[in-house]
Amino acid sequence: MNSQATLQLTGLNVVIHPGLSLQDIELSIRPGEVAAVIGPNGAGKTSLLRAICDELESSAGRVELNQRNWQQWPQQERAKIVSILPQRSTLEFPFTVNEVVNLGRIPHSTSAQENHRIVTAALELVDCAQFAEQFYLNLSGGEKQRVQLARVAAQIWSTQADNRCLILDEPSASLDLAHQARIVEMIRFFAEQGVAVVTVLHDLNLASKCADKFLLLDKGKTVASGSAEEVLTEQIIGETFGVQAQVGTNERDGSRLIIT
Amino acid sequence: MERIDSHRLIMALLFLLPVLTLCYLSFGPSIISPLRLFGNPESIELAREQVILSAIRLPRALMAILVGASLAVCGAVMQGLFRNPLADPSLIGVSSGASAGASFMIVFGASILQGNQILGLSLVSLGAVLGAVLAVFLVYRLATNRYGTSVITMLLSGVAIGAVASALNNLFTYFADSVMLRRISVWEMGNLEGASWERVLLMAIAALVLLWRVPRYRQALNAFLLGESEARYLGIDVEWVKKELIIITAFAVGVSVVVVGNIAFVGLVVPHILRGAIGPDHRYLIPATALAGAILLLLADMAARTIIAPAELPAGILTALVGAPVFFTLLVKSRSLNNPERL
C-alpha cells in the first residue's frame, strides 16, 4: 500500500466570515485511513470540508490530492477518484432511487450494465436495495440521506486504485441507530480497499468506532489532533464542548466510549 | 406517478409529427393534398394550390415545428439550470428582453437597415438576442447567491426585468415613426402568419445550434438537478456549462421572438408534462421535449387558423389562453408538495 498521503492539508487558512476563520489546519490522510473532523457547532467543520473541495477560497496554505495541488487536477479526472457528500441535498425532481445513484457514475465511461451492477451493490451497502424502483421524493429524510450516500459510493466504486478519497459531511445525520452502524461499516468497507476517508461527525462514539485519527476544531482552531488516546480525553472533551464527560472503553470492539 | 417508457413515447412522437404536418398542410381555407407539391401544374387551379402550399403553408408548418421544438427545449434547459420546474423563457424576462432589444434596433438601427430585408432582419435579430441574453443574465445574477438560486427571487426579478424591458420598449416606441411602430407591434403578439422562407431559415439556424449543442450537456443537466456543488463534485465545469447554455437558449428564444413574436407557455408546459411522464433524465427528456413542442405548436396554429375561419387568431394568444391555467395549476400543486420555504 502507498505510504504517501492521499489527502494532505498544509497550513490551511480560510476566512469563513469576519468573525471566524480556520487557522493553520494540518491534516494528512494516507490510503486506508479514516479521519474524523469533530467539534462543537460553528467550529468550522463543514467550512473545512468546503475549503478542501475548493468551494471556499483559502487565504494561505494548500490542499494536495495524491501529491498534486487540488486546483491543478482536471475536474473530470478528480471526480473519478474523489467523491463528496454535502451536508444536505435538495433534489426536487422526480427521479427514481436507481436513477439518483446512477448519477454518481457520470464521471466514468463504464457500460450501462456495469453501472447497473455498481448501483445495485451501492444500494445494498446502505440497505436501500428495496427502494431501487421507488421515487426518491417519496422517501423519508433518513432514506434520502442513505440514497445520497449510495450515489457518493457509486462514484468511486472500484476494486483497485488506492488513490481514491471519500469526503463526507455528517453522513449519519438523520439516520436511525441501525443505519448509523451501517455507515460505520460503509466507511470501513472503503477504508479496507485503500480509500482515504475524511468525515465530519457529531457523534463522538460513532467517530471513535470508525476513525483512525481525529481533528478536533473549536472556533476555527485545531484543539487537538491525532489518535483517539490523544484527542478523546475527558479533559479535552470537557474544555471544548463544555460538558462533563467520562471516557471508558467499549468492551465489544475496544473503541473509546464517551459518556456525558 | 406512473411512468411511460421513454423509448416508446419518443417513437410515438416521431410517428405523430409527420402525420400532423401532413394534416397541417392539407387543411385550411381550402383543402389541398400535400402531394400537389410534387407533380406538374397542369392547370391554373393546380398552380394556385402549389403556391399556397409552397409559399404559405409549408414555411408556416416548418416555422411552427422549429419554434415549438426550440421553445420547449429551451424550457427544459432552463428548468434544469435553475433546478426549478417552473422556469420558462417568458417568465424570467427573456422574451421581454428580446422584444426590447428588437425594438431598439428597429428604431435606432433604422439608418443602417436602408430597406435591406436580410440585413434588417439579422440586425433586429442581433438586438433581440442581446436583449434576451442581458435579461436572463440579470435575472440569474439577481436570484443567485452563494446558497443557490432562489425560486421566488427568480420569478420576482423576472417580473421586474420584464417591467424594465417593456418600459424601454415603450420608450423606443415613443421615438418610432409609423412604419417602425407597425414592425414593433409584430413582436407583441405571437403569430406565425408572417412565416417567410427567410424567417424559416433564420429560425432553422437557431434551432440547429440549439439541438446540436444542448444534447452534449444532457448529463451535465442531470448532474445540475442534484445541485451546483454536487455537479462540480461530479466533474462538471459548472460555470462554463451555465454560461454556454444561457447564451444558446437566449439566442434561440431571441430569434424565435424576432420571427414569430412571443409564444407563451410552450417552454413551460411541455417539459413539465413530459418530465412527469418519462422522468427527468435529460438524455430522453430533450428529444421528447423537442418533438412534443413541435407537435403542440403545430396543433395550436392549426386551431388558430380554423377556430374563427376564415379569419385567424394569433397562435401566441391561444397558447397563452391554454397555458396560463395550466401554469397556475402547476404552481398550486408544487406549492403543496414542496417545502414552502423554497417557493
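Trainee: What share of the 343 residues of chain B counts as buried?
Mentor: The share is 48%. This is a predicted model. To count as buried, a residue needs 20 or more other C-beta atoms within 10 Å of its own.

Trainee: What is chain B built from, in helices and strands?
Mentor: Chain B has 14 helices and 2 strands. Take its contacts with a separation of 6 or more: 78% of them join residues 24 or more positions apart.

Trainee: What makes α9(B) "mostly covered"?
Mentor: Count its residues. Of the 9 in α9(B), 8 are buried. They are Gln219(B), Ala220(B), Leu221(B), Asn222(B), Ala223(B), Phe224(B), Leu225(B) and Leu226(B).

Trainee: Which helices do the buried residues of α9(B) pack against?
Mentor: They pack against α2, α10, α11 and α13 of chain B. After α9(B) comes Gly227(B), with a positive phi near 135°.

Trainee: At what angle do α9(B) and α13(B) pack?
Mentor: Helix α9 covers residues 218-226 of chain B, and helix α13 covers 282-306. They pack at about 115°, with axes 8 Å apart. The perpendicular class runs from 65 to 115 degrees, so α9(B) is called roughly perpendicular to α13(B).

Trainee: Which residues of α9(B) and α13(B) meet?
Mentor: Arg218(B), Leu221(B) and Asn222(B) come from α9(B). Facing them from α13(B) are His282(B), Arg283(B) and Ile286(B). By class, this contact holds 2 nonpolar, 2 polar and 2 charged residues.

Trainee: Now chain A. Why is β8(A) described as largely enclosed?
Mentor: Because 5 of its 5 residues, 196-200, are buried. Both faces are covered. Ala196(A), Val198(A) and Val200(A) are on one side, with Val197(A) and Thr199(A) on the other. In general, side chains of a regular strand alternate between the two faces of the sheet.

Trainee: What is the strand order of the open sheet of 4 strands in chain A?
Mentor: The order is β2-β1-β4-β5, and the pairing is antiparallel.

Trainee: Why are β2 and β5 of chain A called edge strands?
Mentor: Each pairs on one side only. Strand β2 spans 20-29, and β5 spans 68-69.

Trainee: What qualifies β4(A) and β5(A) as a pair?
Mentor: They share 2 bridges, and the cut-off is at least two. They run antiparallel. Glu64(A) stands opposite Asn69(A) in β5(A).

Trainee: Which strands does helix α1(A) lie across?
Mentor: Helix α1(A), residues 45-52, lies across β1, β2 and β4 of chain A. The helix runs at about 120° to β1(A).

Trainee: Last one. How many residues of chain A are in contact with chain B?
Mentor: 20 residues of chain A are in contact with 19 of chain B. Helix α2(A), residues 75-81, gives the largest share of the chain A side: 4 residues. By class, that side has 12 nonpolar, 4 polar and 4 charged residues.

Conventions: Residues are numbered from 1 along each chain as its sequence is written. Chains are lettered from A and ligands numbered from 1 in the order in which they are written. This is a predicted model: local features need pLDDT of at least 70, side-chain atom pairs count only at pLDDT 80 or more; totals for chains, interfaces and linings use all residues. Axes are lines fitted to C-alpha atoms, for helices over the stretch in contact, and angles run from 0 to 180 degrees between N-to-C directions. Angles under 35 degrees count as roughly parallel, over 145 as roughly antiparallel, 65 to 115 as roughly perpendicular and the rest as oblique. Two residues are in contact if their C-beta atoms, placed from the backbone, lie within 7 Å. Ala, Val, Leu, Ile, Met, Phe, Trp, Tyr, Cys and Pro count as nonpolar, Asp, Glu, Lys and Arg as charged, and the others, Gly among them, as polar. A residue is buried if 20 or more other C-beta atoms lie within 10 Å of its own, exposed if 12 or fewer, and partly exposed in between; C-beta atoms are placed from the backbone.
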